[in-house]
Amino acid sequence: MLRRNFIKKILLFSLAFLSLKTKIMANSLFKPFNIEDGIFLNNYVTHKSSFKDFWKWRKESNKPQPISFPVVKNNPSYLKSNKSEKTITWVGHSTFLIQIDGINILTDPHFSKRASPLSFMGPSRTTPPGLNIDDLPFIDLVLISHNHYDHLDAKTIKLLLKKQNINQPIFFVPLKLKETISKLGASNVIEQEWWQMSKYKNLEIHSVPVQHWSKRTFNDTNKTLWCGWVVMTNNFKYFFVGDTGYSKDFQDIQKKFGGFDLSTIPIGAYAPRWFMKDSHCNVEEAIQIHRDVNSKISIAMHWGTFQLTDEPMDEPIKLLKQLSKKLKLKKDEFSYMTHGQTRKF
Ligand code: ZN
Ligand code: ZN
């Protein structure tokens with residue numbers, strides 16, 4: 001009898017220990033964010049690029065010629081009337097119009113001439129927006145990944161708010177970015193930390209960790225968070241990756257969501273590797289992200305619109321074609337769109 005009680009106690013103790021251990025592991029995997037003295041940190045990289053590194057890159061940089069890419073004529077009246085089909089339209093860079101069950105979503109909206117705080121200098125657009133801002137349908141939601149000028153464009157946001165001044169879109173932003181968006185006139189801003197979720201109609205909108213950084217002024221490096229966004233219904237999961245280096249974050253994201261029907265993944269702004277590797281994936285790493293998150297269909301973004309870094313502007317899509325073959329991806333498993341093009345799902 002005594003022996004049986006003893007074994008029972010041991011068993012209960014082991015079970016309690018195991019459940020506690022699982023809890024701790026679950027918490028450490030899906031932990032919200034890391035912050036040190038008001039500075040946000042990445043999950044899997046500690047290296048921080050210095051101002052010295054930046055100047056070394058600028059001095060050595062031999063920027064190739066800007067290239068302009070073709071734009072296809074869009075059908076704005078279809079996009080405005082579409083209430084049932086799932087579609088994706090590429091405006092350029094990381095800006096997509098996503099339509100899911102009658103809800104219209106814009107990712108990192110940028111329709112301006114330059115990705116810069118200044119109107120007269122900074123990286124200028126080489127390919128015009130695939131869709132005119134006036135031709136956009138009513139926008140329900142805007143997803144912002146981080147505060148870099150090629151992703152958060154004040155001029156575009158002001159124009160969007162002017163266009164929908166009565167019924168503003170809801171802006172989803174990473175932590176500490178609400179103030180910047182509110183100052184531009186937005187009254188519906190939802191700030192989310194990593195792994196946090198909000199609901200809108202039948203959609204769930206999740207913020208997820210990616211490996212990047214933030215900066216908009218001289219002294220605000222990493223004082224606002226960066227993230228990717230997952231938008232899902234009960235039968236469709238979309239992953240907007242934002243800007244990212246390759247990291248284990250994507251295996252964590254797969255563990256949480258299982259997989260995605262559609263992902264938009266950055267393939268450009270990767271050279272030189274010694275400077276860009278931690279914060280921008282190259283094409284091979286983008287394909288690995290596509291595989292890590294278990295994405296059925298992925299579409300390339302963050303290429304062909306602004307000349308930002310040292311690789312030729314047409315290199316990312318050339319490499320994507322070559323590597324898709326070499327790595328035996330199915331046809332259209334990871335493809336790219338033409339500026340202005342709409343695809344249905
Ligand atoms: Zn960035
Ligand atoms: Zn970027």
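1. Buried here means under 20% relative accessible area, exposed over 50% and partly exposed in between, with a 1.4 Å probe and protein chains only. Strands are DSSP runs of E of at least two residues and helices are runs of H or I of at least four, numbered from the N terminus. Six of the six residues of β4 (residues 95–100) are buried, so the strand is largely enclosed by the rest of the structure.

2. On the basis of the description: this is a predicted model, in which local features need pLDDT of at least 70 and side-chain atom pairs count only at pLDDT 80 or more, while totals for chains, interfaces and linings use all residues. Residues are numbered from 1 along each chain as its sequence is written, chains are lettered from A and ligands numbered from 1 in the order in which they are written, and side-chain values use heavy atoms, with hydrogens and water left out.

3. Strand β3 (residues 87–92) runs antiparallel to β4 and is joined to it by five bridges; two strands pair if DSSP finds at least two bridges between them. Within this pairing Thr89 stands opposite Leu97 of β4, and in the hairpin, which has two residues between the strands, His93 takes a positive phi near 50 degrees.

4. Strand β5 (residues 103–107) is also antiparallel to β4, with four bridges between them. Leu97 has Leu106 as its bridge partner in β5, and in the hairpin of β4 and β5, with two residues between the strands, Asp101 takes a positive phi near 50 degrees.

5. The zinc ion (ligand 1) is coordinated by His146 (NE2), His148 (ND1), His212 (NE2) and Asp243 (OD), at 2.1 to 2.3 Å. Donors are N, O and S atoms within 2.8 Å of the metal (3.2 Å for Na, K and Ca), and water is not among the atoms, so sites may look incomplete. Along the chain these donors follow the spacing H-x1-H-x63-H-x30-D. His212 lies in the loop between β10 (203–208) and β11 (228–232) and Asp243 in the loop between β12 (237–240) and α6 (249–257), so the pair ties together parts that are 31 residues apart in sequence. His212 counts as buried at 2% relative accessibility, and Asp243 is likewise buried, with a relative accessible area of 2%.

6. The zinc ion (ligand 2) is coordinated by Asp150 (OD), His151 (NE2), Asp243 (OD) and His302 (NE2), at 2.1 to 2.3 Å. The two zinc ions are 3.6 Å apart, and Asp243 coordinates both. His151, in the loop between β6 (141–143) and α4 (154–163), and His302, in the loop between β14 (295–301) and α9 (315–326), link distant parts of the chain, 151 residues apart, and both are buried.

7. What is the arrangement of the four donor atoms around the zinc ion (ligand 2)? They subtend angles of 86 to 161 degrees, which makes the arrangement irregular. The site of the zinc ion (ligand 1) is irregular too, with angles of 90 to 168 degrees. Four donors count as tetrahedral if all angles lie between 85 and 135 degrees; four count as square planar and six as octahedral if opposite donors are over 155 degrees apart and all others between 65 and 115; anything else is irregular.
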